[in-house]
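Please go through the sequence and the structure shown here alongside this report. It takes the sheets, the helix contacts and some backbone details in turn.

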Amino acid sequence: MRYGVIFGSIVLTLHGLMHQAIAQNPLGYGSLSPEEYDRPADEIDADIQEMVSRMTLEEKIGQMTQINQDLVLGADGVLNRTAVEYYAQNYYVGSYLNQLARDGKNFDHQEYAKTIEEIQEITLSVNSTYKIPIIYGLDHIHGAHYVAKSTIFPHGVNLGASFNPKLAYETAVVTARETRAANVQWTFAPVLDIPMSKQWARVYENFGEDPYMSSILGAAAVRGYQGKYKSDRTKVAASMKHFIAYGAPYSGQDRDTTIVSDRIIHDYFVPGFQAAIDAGVATAMESYIDVNGEPVVSSHKYLQEMLREQLKFKGMLVTDWAEIANLYTTHKVAASHRDAVRLSIGSTSVDMSMVPSDVIFFEELKALVLEGTISEARVDESVLRLLQLKKDLGLLEPEGWKADPALLQQIGLPQDIELAREAARESITLLKNENNVLPLLSNHKKVLVVGPTGNNLSHLAGGWTIYWQGATVDGWKGEISDEQFYSNGTTIFNGLRAVAPEGTTVDYVSGFDINGKDIDMEHLLTVAPQYDVIVVCIGEHVYAEAPGDIHDIRLPQGQIESIKALKSAGKPIVSVLVEGRPRVLDSIPDDSDALVQAYLPGPWGGQAIGEILFGKANPSGRLPYTYPKSVGDINLSYWRQANDVWDPLYEFGHGLSYTRFTYDNITLSNDQDNILVPGQTRTVSIQVNNEGPWDGLETVLMFVQQPVRRVTPPAKLLKGFEKIQLAAGESKSVDFEISADMFRYTGLDGVPQGTIDPGPVKVMIGNKQFDFEIRI
């Protein structure tokens, strides 16, 4: 992969044809320049304004109502046409969501398209001022994973570990196309929370703990999903989520209170959402939580002042699941359902309520308008945005609500499967490699694969796959089941077998289950000494959201003890982690000769793991988060305040390679001094050398540090990165632009990103640093 990218503060200079390509496309992905991507307009189209002016109050509130598919679809997969007509005729429902299945088995693209077209036809047949199709939404966060036989990609945490925005873009392109093939126009992605709590069950959905990297990858994903979505019907509306501060539950439990300062929100949580807005994101989803006791879904501060006025978001805003009702049932700030609707719609810019299981939102909002508590103009404000979105997606065009049958021929394409493998390859992170036990060479004639994540696809894919909770026999917390992958994927065991050199034997013994319980450990310990190396595949059971809550971030003790027992066989141990969040490993690093972090690489990830272990690919992933050493360190982030205690197992950005990269000194471009003034830039260069025997990808990370400022500074902050390909013996120069504005923060006056303090600052790349001085 040889390409150049300019991302805000990053400038990479290559040569020849690649340099020309950069000049034509500064993003480094796609074929459009930043300004060519579609985005919500500043003004609503005149025809939409005319429509809203003629619609009845009931029709308008219906557009703001989103309900779950199970209100109209039976468990047997049969559409209840009478129910669809009831919700259309009486409530003018404007949106449906969630997966479509028959007896627990997901519909394929053709079945989705047919069923949604049937819903549309019934909806359009009712007597109303205008014939307005519904918009259908799905949480397609790593491929069109709720639609059978789709291409499923690694999760967001893997894309973060790749540090490759091109992969974030390209996987989103495929996801959009396969989603639109199912006649679904809207995906609830990308996920842009910053997971401060490493115990949180939604770590894996995000790109990582760094706001800058998350911003770059999030913007790339938005552009991949949407492209020219106002004319290109292979695209979908993206939804940045979850606004705001969702990733820092004080307890580590999903949906618990976030206790966090405005400074942390502005400096660390806001940048990813601002980047998505700047990239043109069409919709946003608010978060389940309360921030310092203030539920986001009813917060004027967050959903009006911050989102609309400060960040200039022009798109459509939807609640998360039942969040308006939660003001009454969960947050305990509303005295009734009606009071909950009043608080949310009356105080915020929410446009659509993901109700989702009844029509109480419709009834209560109608009553509030009729009694004069909520103005009809406030309803109009939301419906204008909703109908503009539907128009932009082509839904208001003649038969624009029908799927394009030609897209059915573009499902699971070979190049898309290879993209899934490549995303896994570039994300897998080598954490430890004592005595260069990896890659496995010709002297490793007998390889034993062990453990609960080594011989199935479900653990590789994690939650939000097939079902909300992942691919299990009961769609909940039961045993994993690979049935609905339809053989689309490669287990770790099969990946190793596929790439093993001729004459190498690869066997599998389970040994213990995902909870660490003994299955056949006695047999395993008997046969283990017969092998040259043991690959132990461990990790977490599949989960999503609150059902994945844990109170102890350690891996199950049985997994830890099983590896310790295997160590007694006297053979090298390669431990492969398949986990959605960084579980504390206790003695596993000491008992392992090599430690490989696979995260959740998707069902095609087994091939990539096999290639890396056998040296067919060189690992290039970097940790997108801080890996805690101890269970009490669930809130460690590398950008901690400089005075905080710091003792992680592995730092953000850690990742080893089979080759050896070195960095020359940082140099300043000609005719430039080391003085930084707001509004001006300086360019630094660093030469990166591959002095090892392997070709490889190296992620060059540029951090900045301000040793002294008025508010205690972070230890360091990432402000630039670039992934480059270097052949063995090759060197390249990487340039980064530096500015005083990189050191902005939210100061004592509370102005977001409004403070720059003068004084010395440092730029750090690899093991090198360069000193600058800020002058105001």
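In what sense do strand 19 and strand 20 pair, and over how many bridges? Strand 19 (residues 573-578) and strand 20 (residues 594-597) run in the parallel sense, with four bridges between them. Within this pair, Val576 is opposite Val596 of strand 20.

## Model and confidence

The model is predicted. The protein chain has a mean pLDDT of 95, and 97% of its residues reach 70 or more. Residues 1-24 are a stretch where pLDDT stays under 50. For these residues the model has 64 contacts beyond four places in sequence.

Ser95 has Ile135 of strand 7 as its bridge partner.

## Helix 4 and helix 5

Two packed helices are described by the angle between their axes and the distance between the axes. For helix 4 (residues 81-91) and helix 5 (residues 109-125), the axes come within 9 Å and the crossing is at roughly 45°. Helix 4 is therefore oblique to helix 5. The crossing of these two helices is right-handed.

On the side of helix 4, the contact is made by Arg81, Val84, Glu85 and Ala88. Helix 5 contributes Glu118, Ile119, Ile122 and Thr123. By class, the contact of helix 4 with helix 5 holds four nonpolar residues, one polar residue and three charged residues.

## Helix 9 and helix 10

The axes of helix 9 (residues 262-279) and helix 10 (residues 300-310) come within 12 Å, crossing at roughly 55°. Because of this angle, helix 9 is oblique to helix 10. Helix 9 and helix 10 have a right-handed crossing.

Asp262, Ile265, His266, Val270, Gln274 and Ile277 make the contact from helix 9, and Lys301, Tyr302, Met306, Leu307 and Gln310 make it from helix 10. Six of the residues in this contact are nonpolar, three are polar and two are charged.

## Helix 12 and helix 13

Helix 12 (residues 337-347) and helix 13 (residues 360-370) have axes that come within 9 Å and cross at roughly 75°. That angle is why helix 12 is roughly perpendicular to helix 13.

From helix 12, the residues in contact are His337, Arg338, Val341, Arg342 and Ile345. They meet Ile360, Phe361, Glu364, Leu365, Ala367 and Leu368 in helix 13. The residues of this contact divide into seven nonpolar, one polar and three charged.

## Backbone details in loops

Where are the cis peptide bonds of the loops discussed here? One joins Phe243 and Ile244, with omega at about 15°. Ile244 is in the loop between strand 9 (239-243) and helix 9. Another cis bond runs from Leu438 to Pro439, and its omega is near 0°.

Tyr486 has a phi near 50°, a positive value in a residue other than glycine. Tyr486 is in the loop between helix 16 (458-461) and helix 17 (492-499).

Note on methods: Residues numbered from 1 in each chain as written. Predicted model: local features only at pLDDT ≥ 70, side-chain atom pairs only at ≥ 80, totals over all residues. Heavy atoms only, no water. Axes fitted to C-alpha atoms, helices over the stretch in contact; angles between N-to-C directions. Parallel < 35°, antiparallel > 145°, perpendicular 65-115°, else oblique. Left-handed = near helix turned anticlockwise from the far one by under 90°. Contact = heavy atoms within 4.5 Å. Nonpolar A, V, L, I, M, F, W, Y, C, P; charged D, E, K, R; others polar. Pairing = 2+ DSSP bridges. pLDDT = per-residue confidence, 0-100.
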